[in-house]
Amino acid sequence: MLRAELYALADPADAIHLQRFFKTAPGEYGAGDKFLGLRVPALRKLVRDYRQLNDADALEMLASSWHEERLLALMLLVDGYDRGDESRRERIHRAYLEHTRYINNWDLVDASAQHIVGPQLEAREIALLERLARSDDIWEQRIAIISTFHFIKRNEFAPTLKIARLLLEDSHDLIHKAVGWMLREVGKRDREVEDAFLKKHYKKMPRTMLRYAIERHPETLRKRYLAGTV
């Protein structure tokens, strides 16, 4: 029933746009991914309508070849995690980590990691995130840094700074953007903490990472960071 409703909402014209936006051409990060042409608001409504769906069924959907079906599955799991007791949360967390091969684009990671991975950890016990950051898989690396958003929102910045250090020399643009974004979120809450990190590491940070990290800084200070004169 859910799949039938999902497919009925498909928009082939929008699917073409989404395939370009999420870089699905050969050699690009989303190569081979397929889109139905659904936007997030429509998926959110389906989550509300089908939130009683069994977690096992959501995990089955996560293995779909359709991008929006995987995103919907993750949104259902996030909803289930939020409403679940301790036992259910642990099951969803464990299943999420067992299915990272299907969490294979930046929007899938960003919609789920901070809600399912981060909350199961303590700020002083992030060995899981360190392992993910050292993975050869770009999406597991992104899961590692985005999961720390959970801690940032609680003014616990050490996990983000530790994972950021591990990813400073990563070669992928999507990791540069994610790390820079999380550092910027730290700075929104405590500029001194962010600047202490940046002053130590900014000269070896990839340019994109630095630009994302200093986006909210005063223009004069941004220029000094970019010129290497801080």
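## Ground rules

Because this is a predicted model, local features need pLDDT of at least 70 and side-chain atom pairs count only at pLDDT 80 or more, while totals for chains, interfaces and linings use all residues. Residues are numbered from 1 along each chain as its sequence is written, and side-chain values use heavy atoms, with hydrogens and water left out.

## The chain as a whole

Let's start with the overall picture. The chain has 16 helices and zero strands; helices (H or I, at least four residues) and strands (E, at least two) are DSSP runs, numbered from the N terminus. Along the principal axes, the C-alpha atoms fill a box of roughly 60 × 40 × 30 Å.

Of the 230 residues, 52% are buried. Here buried means under 20% relative accessible area, exposed over 50%, and partly exposed in between (1.4 Å probe, protein chains only). Among contacts with a separation of 6 or more, 66% join residues 24 or more positions apart, where contact means heavy atoms within 4.5 Å.

Helix α3 spans residues 40-49, and its buried residues are L43, L46 and V47. Seen down the axis of α3, these buried residues fall within an arc of 105°, so they line one face of the helix. The arc is that of the directions from the helix axis to the C-beta atoms. As a reminder, an α-helix has 3.6 residues a turn, so residues three or four places apart point the same way.

The buried residues of α3 pack against α1 (2-8) and α5 (67-83). On the other side of α3, P41 and R48 are exposed.

## A buried glutamate

E194 sits in helix α14 (residues 191-201). With 2% relative accessibility, E194 counts as buried. Leaving aside neighbours within four places in sequence, E194 is in contact with L183, R184, V186, G187, A213, I214 and H217.

## A tryptophan in a loop

W66 lies in the loop between α4 (55-62) and α5, and at 25% relative accessibility W66 counts as partly exposed. Not counting residues up to four places away in sequence, W66 touches Y7, K34, F35 and L36. The C-alpha atoms of W66 and H201, 135 residues apart along the chain, are separated by 39 Å.
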